[in-house]
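Q: I would like to learn how to read a structure like this one, feature by feature. Could we go through it together, starting with the spaces inside?

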Amino acid sequence: MAITRLALPGMIAVSCLVIVLSLIGCRSWDIDSARRLARIASLAHAQTITVKKKQASITPQWQLLTRGVPQPPPRVLQFLRRYDLEARYAESPDECIEAVIELAQAEPNLESIYVLSELAFIQGESARHMGNDDRASKMLATSLIHAYRYLFDPNLPDMRNAYDPQFRRSCDLYNQSLEGLLRIINREGGLRPDETHTIDSYGMPIAFVIETNGRWEPEDLSRFEFVSDYRTKGLKNQYSTYGLGVPLIGVRETKETPRPWDQFYPPGLAFSVTAFLEICHGEASGDDENRRHCVLHLYDPLQKTSIQVGQRIAPLESDMTTPLAYFLNDPLLNTEILPTFSLLNADLINTFTGLYMLEPYDPNKIPVVLVHGLWSTPVTWTEMFNDLRSMEEIRANYQFWFYLYPTGQPFWVSAQQMREDLASVNKTLDPWNESQALNNMVLVGHSMGGLVSALQTLKSGEDFWHMVSDKPFDSLQGDVESLSELKSLFFFDPNPAIKRVITIGTPHMGSEYANSTTQWLGRKFFQIPDLLESKSDKIIRENAAAIRDDGFFATKTSIDSLSPDSKFFEVMKNAARPESVRYHNIVGHVEDQSWITQAFGTSIEGDGVVSLVSATASEAQSEIEVQAEHAKIHRHPLTILEVRRILLEHLRESQAAAATATSH
């Protein structure tokens with residue numbers, strides 16, 4: 001239950017404001033009042049993640065342009081002196097470059113190719129920063145071609161030395177020249193998949209087509225931002241890989257005619273892209289002009305980490321964290337609105353609830369569904385998601401999904417909604433039930449989300465219904481729709497696709513924070529779903545003789561449902577579980593007890609919200625204790641490493657089971 005030591009003061013402040021608003025006649029929750037409440041409540045939930053655009057993407061050497069074009073590095077000057085070109089470069093850089101081209105053609109070698117790339121880059125960047133795009137394109141294209149030749153041309157003497165700073169500088173020249181060219185093309189609106197461009201250069205023009213190489217389709221890409229323009233804030237770790245290519249932020253376009261799976265992508269989704277220009281030689285079709293034929297590949301670095309050019313393997317440069325932060329920079333996804341709406345207004349948040357994906361569905365990767373806790377949203381998982389996705393063995397075998405639900409309603413209502421949502425996902429993505437990976441799903445739940453997750457794997461039988469009645473459910477009177485919705489709360493089967501559940505800081509037997517004070521606050525300002533109001537009350541009135549205990553129906557909010565006195569926990573603990581499902585548990589433990597803990601509940605040993613007794617799960621195959629408080633336990637490094645260990649164990653067992661099935 002994610003009412004942390006900081007959340008309770010926010011909750012008190014929100015409730016006071018609610019009372020004031022009701023006294024002055026503000027009876028309904030509108031957007032403006034919700035925004036104000038969210039600001040007060042922002043201390044309560046997940047960290048804020050932002051990106052800020054840097055003031056300038058100019059390296060120190062280009063900050064000296066007011067004094068003239070930067071001087072070439074010492075090794076380039078030495079080359080120019082040896083061939084008596086230093087003075088010519090000072091007088092006419094273009095003539096000097098043409099002279100070096102003649103030298104490189106007469107006697108091709110790595111040094112002359114490198115010098116060409118360096119000189120052309122200096123002139124190209126100078127022109128770009130001065131706003132002369134035509135000259136900049138020509139020079140940067142020349143630099144790019146020769147940096148590529150230095151790294152990959154099989155006709156050059158194979159004396160490349162990866163330890164030589166010249167080799168490393170050639171990698172930088174390739175990346176920086178390509179980025180400079182892409183910035184010019186992007187500024188003119190031409191950086192789109194399937195577009196074709198021709199750019200002049202010394203020697204011969206280059207013609208290239210832009211192609212997507214990955215799971216994202218060309219129509220998914222509406223625009224690009226450059227990773228190097230942004231600085232992230234709010235995430236502990238920044239994950240990049242080093243190699244060739246330009247890391248980009250791809251922004252997904254919302255389609256007027258969506259495909260079935262598009263419903264699982266959040267609006268404004270941004271993702272990682274690496275641009276790599278492959279240079280080939282050949283004749284252009286349709287005219288007599290010789291051109292260098294190229295392909296600008298847009299790679300998905302989550303799927304591809306290296307490329308083969310000729311006989312060489314080159315790693316791709318990538319950034320997996322900045323595009324994620326760029327997407328989460330939306331205020332709706334951060335702490336201002338969504339978490340508070342998910343707590344206060346179930347009907348309103350139901351517009352956004354459901355399962356979300358941040359990458360295209362892959363039938364060969366096992367889904368890991370992350371389920372948040374009370375007064376929270378999927379953003380709370382960003383730290384874990386960012387870390388796990390950076391691990392190649394996890395990234396190659398798993399895809400991460402996020403589940404959003406109204407956190408103000410009883411957790412068993414959220415569990416019922418999640419059953420329906422997961423069934424819909426399976427039907428949409430795998431209608432013929434052919435994906436072995438989809439039937440190996442892992443759920444990870446924090447706090448109340450752990451209860452929602454565990455309920456996906458239980459068989460109810462008659463046990464949950466017997467909490468309230470000894471009569472057969474089918475004997476109840478009422479309209480068909482209301483009875484059907486009520487029945488789904490009490491009668492359910494385990495989802496056969498789920499094979500493992502990881503619970504983190506979960507109140508398996510309730511929380512002492514769900515006491516009379518917090519329950520009163522919850523009833524004051526939580527908007528209750530219709531099912532638990534008019535429909536359930538009507539059924540109780542029509543079946544008074546059949547309802548032995550109406551306490552279940554009196555549970556109106558999530559805080560009520562988390563009371564340690566609830567019979568639901570005991571029934572849930574003893575419910576039948578499939579032998580095919582494995583359970584793992586992570587318990588938080590902090591020594592210090594704050595004054596808030598003393599004021600709103602008894603001092604309990606645990607994570608500050610959930611006691612050690614309640615956080616322990618007897619059904620768990622593994623259980624560890626982490627020194628972290630409730631709101632931070634799922635972001636703790638040891639928790640993330642434990643989830644990694646469990647996922648690798650799950651992968652090994654799944655692969656072994658598949659191999660055994662194949663052998664038979």
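Q: Which residues line the largest cavity?

A: A word on the source comes before the answer. This is a predicted model, in which local features need pLDDT of at least 70 and side-chain atom pairs count only at pLDDT 80 or more, while totals for chains, interfaces and linings use all residues. Residues are numbered from 1 along each chain as its sequence is written, and side-chain values use heavy atoms, with hydrogens and water left out. A cavity is a set of points, on a 1 Å grid over the protein atoms alone, where a 1.4 Å probe fits but cannot get out, and its lining residues have an atom within 4 Å of a point. Here the lining of the largest cavity consists of Trp216, Ala270, Phe271, Ser272, Asp300, Leu302, Met320, Pro323, Leu324, Leu358, Glu359 and Arg389.

Q: What is the volume of the largest cavity, and which element gives the most to its lining?

A: A volume is the space filled by probe spheres set on the grid points, which are joined across faces, edges and corners. The search of the whole structure finds 5 cavities of 30 Å³ or more, and the largest has a volume of about 100 Å³. Strands (E, at least two residues) and helices (H or I, at least four) are DSSP runs, numbered from the N terminus. Strand β8 (270-283) and helix α9 (322-328) each supply at least two lining residues, and β8 gives the most, with 3 residues.

Q: Which elements give two or more residues to the lining of the second largest cavity?

A: The second largest cavity holds about 80 Å³ of space, and its lining includes Thr212, Asn213, Trp216, Phe271 and Tyr299. The elements giving two or more residues to that lining are β3 (206-213), β8 and β9 (290-299), with β8 giving the most, at 3 residues. This lining divides into 6 nonpolar, 4 polar and 2 charged residues.

Q: Is aspartate 84 buried or exposed, and where does serine 447 lie?

A: Most residues other than glycine have a negative phi. Aspartate 84 has a positive phi near 55°, lies in the loop between α3 (74-82) and α4 (86-91), and is exposed, with a relative accessible area of 65%. Serine 447 also has a positive phi near 55°, but is buried, with a relative accessible area of 0%; its place is in the loop between β16 (441-446) and α15 (448-454).

Q: How many salt bridges does a search of the whole structure find?

A: Side chains of opposite charge can pair when their charged atoms come close. A salt bridge is a side-chain nitrogen of Lys or Arg within 4 Å of a carboxyl oxygen of Asp or Glu, and the search finds 28 of them. One joins arginine 187 and aspartate 133 (2.9 Å, N to O); arginine 187 lies in helix α8 (residues 165-187) and aspartate 133 in helix α7 (residues 133-152), so the pair ties together parts 54 residues apart in sequence. Another links arginine 259 with glutamate 219, the closest N and O atoms being 3.8 Å apart. Of these two residues, arginine 259 counts as buried at 15% relative accessibility, whereas glutamate 219 is partly exposed at 40%.

Key. 1 Å grid on protein atoms, 1.4 Å probe; cavity = no way out; pocket = protein on both sides within 12 Å on 5 of 7 lines; lining within 4 Å. Nonpolar A, V, L, I, M, F, W, Y, C, P; charged D, E, K, R; others polar. Buried < 20%, exposed > 50% of the residue type's maximum accessible area, 1.4 Å probe, protein only.
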